[in-house]
Amino acid sequence: MSEQQKFIKHITEGYIFEGNDLVLGAAMLEGEVMTDTLIRVPLKTLNRHGLIAGATGSGKTKTLQILAEQMSAKGIPSLLMDIKGDLSGIAVPSDGHPKIDERHEKIGFPFLAGQSTVEFLSLSEEKGLRLRATVTEFGPVLFSKILDLNETQSGIVAVVFKYCDDHKLPLLDLKDFKKTIQYLINEGKEAAEAEYGRLSTASVGAIMRKIIELEQQGAEQFFGERSFDVEDLCRIDDEGKGIVSILRLTDIQDRPKLFSTFMLQLLAEVYATFPEEGDIEQPKLVIFIDEAHLVFEEASKALLDQIEAIVKLIRSKGVGLFFVTQNPADVPSDVLGQLGLKIQHALRAFTAKDRKAIKLAAQNYPISDYYEVPTLLTELGIGEALISALNEKGIPTPLAHTMLRAPQSRMDVLTKREINDILDNSRLIDKYNRVEDRESAYEILQEKIEEAQEEEKQNELREQRQKARKSSRRKEKSAFEQVMNSTTTRQIGRTIARELTRGLLGVLGIGGTSKKRKSSWF
């Protein structure tokens with residue numbers, strides 16, 4: 001048996017599965033495509049997560065498109081993070097091309113143009129269903145981790161949540177949270193300290209600065225109502241195809257804090273909401289996280305621990321996660337170890353650091369007798385990749401240099417008109433794009449503060465009136481005393497008293513000092 005025949009036998013036996021699968025392409029050996037030696041991925045292991053890695057321009061996005069449309073055809077819904085804005089074409093069929101026909105002839109697999117039912121989502125001003133979540137849904141622990149708070153600051157966040165729970169205050173958006181924490185250290189300070197203990201103003205100031213940082217990345221548009229129901233990501237269309245939800249993120253590439261906040265909340269909500277599924281034949285949802293380094297670069301140690309825990313546990317809910325990035329090193333090793341399907345496109349070795357990264361990337365794949373992996377990683381052409389999956393028993397399949405099939409849908413973006421047509425036909429647009437701002441903690445506490453301020457104002461006015469009355473009485477008494485005690489008044493008083501005395505003595509016939517007159521008879 002020739003080396004080529006041994007290779008074909010080795011690959012064929014390694015990629016035969018009992019259940020349904022996806023076809024990704026055909027195996028290659030020494031640069032030649034082994035026609036009909038198809039590389040497959042069992043649907044049953046897609047919830048074991050995956051990685052799509054490779055340098056810019058190597059074909060990662062098209063591989064993501066292939067996986068999503070093939071899953072859709074099998075009735076598996078997916079969520080795609082479209083940061084570069086080039087995934088919308090999955091909604092319309094490919095126009096075809098002679099090079100596509102040539103590629104599929106080599107693979108030994110017919111090309112059929114196709115499309116998937118698409119729903120556009122948005123975190124910002126991009127057109128689509130608006131994704132939102134309330135602060136309450138985050139909970140104090142996750143909210144603290146997103147803000148990267150220390151233990152003392154996290155304790156204050158827990159007090160804010162507890163206060164809102166105890167006093168039936170809806171904590172919906174960031175202005176609710178800020179108003180509550182300001183109330184607790186100002187107008188409601190005395191009652192809060194009696195019930196929950198003293199809150200450090202320095203720690204409160206640090207929390208407020210963290211929230212402002214989050215707001216500057218546009219988070220105020222994400223926090224609020226109406227909360228997105230993650231079950232709406234698991235819909236099937238009328239033809240039995242899984243709906244592909246595309247989250248349009250082209251305007252938040254420079255806002256990693258918002259992106260990582262959304263991703264962590266979404267994964268936490270999925271894990272908390274979805275029931276345990278056990279060992280199922282295919283996942284109920286697959287999430288593709290493009291430019292995954294944006295999630296991990298800005299993440300704190302606590303946040304990374306949270307992500308790792310969710311990645312480990314969420315597969316039991318029937319959910320698969322695929323991280324799409326340039327280099328496997330962008331994904332933390334603890335997370336990378338949880339990824340079953342690995343699709344590695346070409347890497348470029350321009351520097352010593354690049355060469356070292358390639359050697360490390362090669363170690364993520366099974367040892368092969370047919371490939372010199374570190375060398376091959378730098379020689380892969382566009383639309384080629386090294387693939388290793390898990391079979392239905394969880395055992396890694398043989399490493400295969402693969403020529404990938406072409407996407408069945410358009411490999412280009414939709415026009416604005418095409419996007420608008422899809423949004424106009426959406427069954428969920430009215431559900432999520434209606435603005436809701438019901439009475440919540442902000443309005444309730446603002447009313448309390450205004451009432452307290454009005455009462456304080458009335459008390460001040462009352463005190464001022466009482467002071468004015470006392471002052472007026474003091475002034476009146478003082479004027480009378482001044483008149484009575486003046487020299488002129490005393491002199492007038494003495495004169496009046498003397499004259500009155502003289503008059504009284506004259507009436508009584510009592511003389512003063514005049515001499516007696518002599519008698520005139522002598």
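User: Does Glu32 count as buried, partly exposed or exposed?
Analyst: In this predicted model, the relative accessibility of Glu32 is 45%. The buried class ends under 20% and the exposed class starts over 50%. Glu32 therefore falls between these limits and counts as partly exposed.

User: How many salt bridges does the structure hold?
Analyst: Side chains of opposite charge can pair when their charged atoms come close. The cut-off here is a side-chain nitrogen of Lys or Arg within 4 Å of a carboxyl oxygen of Asp or Glu. On that basis, the number of salt bridges in the structure is 16.

User: What separates Asp166 and Lys162 in helix H5?
Analyst: Asp166 and Lys162 form a salt bridge, with their closest N and O atoms 2.7 Å apart. Asp166 is partly exposed at 32% relative accessibility, and Lys162 is partly exposed at 41%. Both lie in helix H5 (residues 151–166), 4 residues apart, so the separation is about one helical turn.

User: How many residues apart are Arg427 and Asp238?
Analyst: The closest N and O atoms of the salt bridge between Arg427 and Asp238 are 3.2 Å apart. Arg427 sits in the loop between helix H15 (416–424) and helix H16 (429–432), while Asp238 sits in the loop between helix H8 (201–216) and strand E7 (244–248). Both residues are exposed. The pair links distant parts of the chain, with a spacing in residues of 189.

User: Is Lys317 buried or exposed?
Analyst: Lys317 meets Glu276 in a salt bridge at 3.7 Å, N to O. The pair joins distant parts of the chain, with Lys317 in the loop between helix H11 (301–314) and strand E9 (319–325) and Glu276 in the loop between helix H9 (256–273) and strand E8 (285–289). Glu276 is exposed, with a relative accessible area of 51%. Lys317 has 8% relative accessibility, so Lys317 counts as buried.

User: Which residues touch Glu119, not counting those up to four places away in sequence?
Analyst: Glu119 is in strand E5, residues 118–122. With 5% relative accessibility, Glu119 counts as buried. The residues in contact with Glu119 are Leu129, Arg235, Ile243, Val244, Ser245, Ile246, Ser426 and Leu428.

User: What is the relative accessible area of Thr134?
Analyst: Thr134 lies in the loop between strand E6 (129–130) and helix H4 (135–147). Leaving aside residues up to four places away in sequence, Thr134 touches Leu171, Leu172, Phe223, Gly224, Glu225 and Ser227. Thr134 is buried because its relative accessible area, under the 20% limit, is 6%.

User: Among contacts between residues at least 6 apart in sequence, what percentage join residues at least 24 apart?
Analyst: The protein has 18 helices and 12 strands. Of its 522 residues, 49% are buried. Among contacts between residues at least 6 apart in sequence, the share that joins residues at least 24 apart is 77%.

Terms used. Residues are numbered from 1 along each chain as its sequence is written. This is a predicted model: local features need pLDDT of at least 70, side-chain atom pairs count only at pLDDT 80 or more; totals for chains, interfaces and linings use all residues. Side-chain values use heavy atoms; hydrogens and water are left out. Helices (H or I, at least four residues) and strands (E, at least two) are DSSP runs, numbered from the N terminus. Buried means under 20% relative accessible area, exposed over 50%, partly exposed in between (1.4 Å probe, protein chains only). Contact means heavy atoms within 4.5 Å.
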